[in-house]
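Thanks for coming, everyone; I would like to take a few minutes on one model, going through some strand pairings and then a helix contact.

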Amino acid sequence: MKIRHVQVARGIQWVEIQARDLRVLCGCPGDAIKHLIKRGLIVPQTVKGVDCETGPNAILLSDLAIQNGEFANLAEFPVLQMLYKQGLLLPGHPNNTGMKPMLIGTPEQVSSQMRYIYRGNYGLISKEEIMQAGMGAEQAEAMMRLKLKFAFGRIRPTEDFLEWRMLDEEAAELASDVWIRRIAPNRFEISFEDETVTVDLNLAADETYESAYPLGFRRYAPDYFSVIHSGEGDGWDVSRPSMSSIVTYQGRVYLIDAGPNLTHILAALGIGIDQIDGIFHTHAHDDHFAGLTTLMRSGHRIRYFATPLVRSTVAKKLAALLDTEEDHILHDYFKVHDLVFDMWNDIDGLEVKPVFSPHPVETNIFLFRALWGGSHRSYAHFADIVSLDVLAGMVNENKDEPGIGPEDFEAVKQAYMIPVDVKKIDIGGGLIHGAAKDFKTDRSGRILLAHRAGDLTPEEKEIGSSAAFGTSDVLIEGQSEGLRRFAYAFLEKHLEGVPVHHLRTLLNHEVVTINPGAILLKEGEVPDEIMLVLSGAVEKIRTRDNVFATVSAGALIGSSTALLTKRASAHTYRASSFVEALKFPAGLYASVVRHNKLLDKMLASFDLRNFLESTAIFGEGVPAVVMNHMIEDARPHRFKAGEVIASEDMDVLNLIRKGRVERAAGGEVLETLEPRMYFGEEEAVFKLPGQFRLSALEDTDVLQISGDLLADVPIVRWKLFESWQKRTKQTAYRLSHKGSFLTWRDTFSVRIAHMDLHHKQLIAIGNSVLENLRTDIRGSALVKSMEAMADYVDYHFRAEEEMMTLYAYPGLAVHKERHADLERQVTIMQKQIQKGGRPSEQEFKHLFEAWIIHHILGEDKAFGAYLNSKGIY
C-alpha cells in the first residue's frame, strides 16, 4: 500500500505517502489536532537528540468556509503544531529542512486562511490600526514595541512560513508524482503512481463536527452569582475543553470566551444557546474564538463585551475566515458593547474591569464583582497571560527598540496580584503563557490553575487547585425561584395579552428534569401534557423530510397539537442534554387559549407555522415572538408557469410552498428549487443585487417575508449567509470557464485583505449587471444593479483613499484623480441606464475590465506593495 488513508473523524481525514514524506491533514475544523493525537497520528518522538512531535506537513482545506453552521477551516493550531511542535520552522532543528508546510485549496480559501493565520499570529499589526481601535499615539507606540518583541523584531507575512497549492479546474502536483484534483465540490482524488484515494469533506445535513473528548452531562442549576467551570485545558489538551468559564448573575448567563466545540460544551452543561445573554471576550486565538459561530446561531442577538482593541482584532480575524468585510461582521450577529480598560463597567449590576494583558495579540484579562453584604464578591479570569520571568526578559528602557517599559512591567505585576475571592489563571508556560509560581504569594481566596494539558506538578498543587468540568464556585447563593421566573417570561411571550392570573394558573405546575437521550414526544403521538423548555436543548426530528433541528429554552412542546383535537405531533422531540421543563395539562392550556379568544388566531396560523418549522431555514432556534412576527408579516404570492421573477419580488425572501423555480446565470441552468427551498436572500437580507435569472417552471406558490425582519435574527441570517456563500462559490466554479461570467483570479490580489474583498464584491455586482443586461427585459433590475455598482464604487474609493491618508501614501493625489475619472465613467453609464438606455454587454465589460486590468493591476497593486512594506496585508 503506497497511500495510507485514515478516516479520523467526521470531516477530517488523513492521507500519507511515506515514499514522498507527505502527510496531509484533510479538513481542519476546530480541535482537528486533538483528533489526530487521539488517533495516534501525532505522537512524541526524538530526532537527533531533540524532542518533538510527528504530524502533518500539509493541509487540504474544505472548499466551504462553513459547514452546517460551523467553521470548516481553522488551520491556526495545525500550522502552529507543524512550525513549533514538529520544529519545521525552528532554527537549527533537525526537522527544519527548508521545506515549508503546505496549504491546499481554492484560491479563495487559501487566501482566506493566510489572512486569518496572519491575524491569529499578530492581531493588529501597526500603530495606525491600534490608534483606530481607540488608543492614543503613545499607548500605540508602547503596544507595538511589545508586539515586535513577541514577534522577534519583525512582523512577517504568512508566506514566509507556508507554501500553497491552488486547486482550480486542473490537477495540482503536491510532490513528485503525487497529484490532487477536485472531482466535485469538496470531493478530491489524491493519486500516487498507480494508487488513488478519494477524500470527501462534505458533511451530511444531519451531521456536525465531532467533539474530540467526551464530557458527560451536568444539570444546570443557576445561582445569584456563580462561576461554572466550562474549560480548564488548552488547544492541545485531548481530554478537556480549552480554558473558559460561565458567569451567572441574577439569572443571566455570560460566557467568558468561546472555544472549539462550544455546542457540545453547552449541551453537556444543560444550557441552551438562547439562554446565553452575553459573552466577555479576552482575545482572538482559536482556543478562545472558534466557538463564535455557535453564538451566531442564536435566536436573539447575544451581547458581545470586549475592549475596542480586542473587538477590532476579532472582527479582522472573523472577516478573514468568512471572506467578508470587517466593518459590520460582529454587529450583524451580536449587540456589541465596548468596555473601557482599567475601569469598572456596569453590566446590569454585574461590574467588570478589563485589564491589558501582554500577549502576541490584543488581550485583556477580566475582573468581575457584585455587591453583597456591604462589600463585593469577586472573580478574576486571567486568560491569556505571560509569566513574569518572560516579561522581565522583555524589559527595555530604550523606546526605539522592541520590548516593554519598566513602569508597564510593574503595572502588569500589580494587576496579577489583585486579591479576589476566586481567580482562574493561565499557567500554560512557554513564551506566551503564565506560570503558577508567579501567584505563590497571591492573597486571593481560591486560586484555580488552568490552560494547560496534563496534570499539575506537585509544586503547582501547593499553589492552586484544579476544577473538574461542570463544577462551580458559588460566590452569592440564590434565594429566588430560579428557573420558574423565566417560565413566566416565556409564557407571556407565547400568550400575548393573557392576564397574569391565567399565566399563574399554568405556572402552578411541576418543573421536571428530563435526562439526556429521553424522548419527550414521539411523532404520531397525541400529548396529554405540554412542556415549556426552561433550560437545556431538545432535538426535533422528522427523518422522512430530513428535519434535524434543535429547540432551546422558551420552546413549547405539544402546544399546537393541544389546540386541535386528536392532532398528532408532527415531530419527535428528544432531550440532547439535561432539560428542565415546566409541565402542565394540554387541556388546561387549550382552556386558557379559548378563554382569552386566542384560538381562532392560533388555528389560523397553525398550518403556516407548521410549514415554516418544516423548513431548514426556520426549523430551529427562532423564538416564539419572532416566529409570530414572521407569520404576521408573511404574504402569499403566486408566480405563473414561465414567469420570470421580477426585481421587486426579490426585495423579500421567497419561500416555496408549492411548485418549482429555476435558477440560471450566464445562460446555464444552475439548479431547480423545490418546495421548502427559497430565493431572494441576497437582495432582501444582504442588500446585494441578484446575480441570477429566476423563473417559475410551473405555477408556484411562495411565502414572502421581509428581509429586514430576518436580518435581525442571527440564526436565520447565519443560515442564509452559509447557503448564499455556498451557492456563489458553486456558481463561480461552474461558470468560471465562460466568458459571460466575470471571475476573481488570484492575479487580481493586491495582498491587502479588505481591498481584495472590495474588489471581489465589485466583481459580484458586475456579474449582476451583466446578467440583467442579458435577461432583464423590463429594465428595473438592471437599474438597481447599476445603482449598486455606482454606490459600491463610491464606497470603495472613499475607503481606499482614507487608508492612503492614514498611511501617508505618496501617490494619493494621482490615485484620487484616477478614482474621479473612473467614477465619471460609471456615472455616465448609470444615467444612460436610468433613462432607458441599454449598453451592450461588450460596452459594460470594456468599462469593467478596463477598471480591473488597469486600476487593480496597476495603481492598486502599487498601493498594496507600499502597505506590504509597512507590514500591512
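Two strands count as paired here if DSSP finds at least two bridges between them, and the strands (E, at least two residues) and helices (H or I, at least four) are DSSP runs numbered from the N terminus. This is a predicted model, in which local features need pLDDT of at least 70 and side-chain atom pairs count only at pLDDT 80 or more, while totals for chains, interfaces and linings use all residues. Residues are numbered from 1 along each chain as its sequence is written, and side-chain values use heavy atoms, with hydrogens and water left out.

Let me start with strand E13 (residues 187-192), which pairs with strand E14 (residues 195-200) in the antiparallel sense over 6 bridges. Phe192 has Glu195 of E14 as its bridge partner, and in this hairpin, with 2 residues between the strands, Glu193 takes a positive phi near 55°.

Turning to strand E38 (residues 661-665), 5 of its 5 residues are buried (under 20% relative accessible area, with exposed meaning over 50%, partly exposed in between, for a 1.4 Å probe and protein chains only), so E38 is largely enclosed by the rest of the structure. E38 pairs with strand E39 (residues 668-673) in the antiparallel sense over 5 bridges, with Ala665 opposite Glu668, and Gly666 in that hairpin takes a positive phi near 60°. E38 is also joined to strand E41 (residues 693-696) by 4 bridges, again antiparallel, and there Glu662 stands opposite Ser695.

Finally, the helix contact: which residues of H15 and H17 make it? On H15 they are His502, Thr505 and Leu506, and on H17 they are Leu588, Tyr589, Val592 and His595, where contact means heavy atoms within 4.5 Å.
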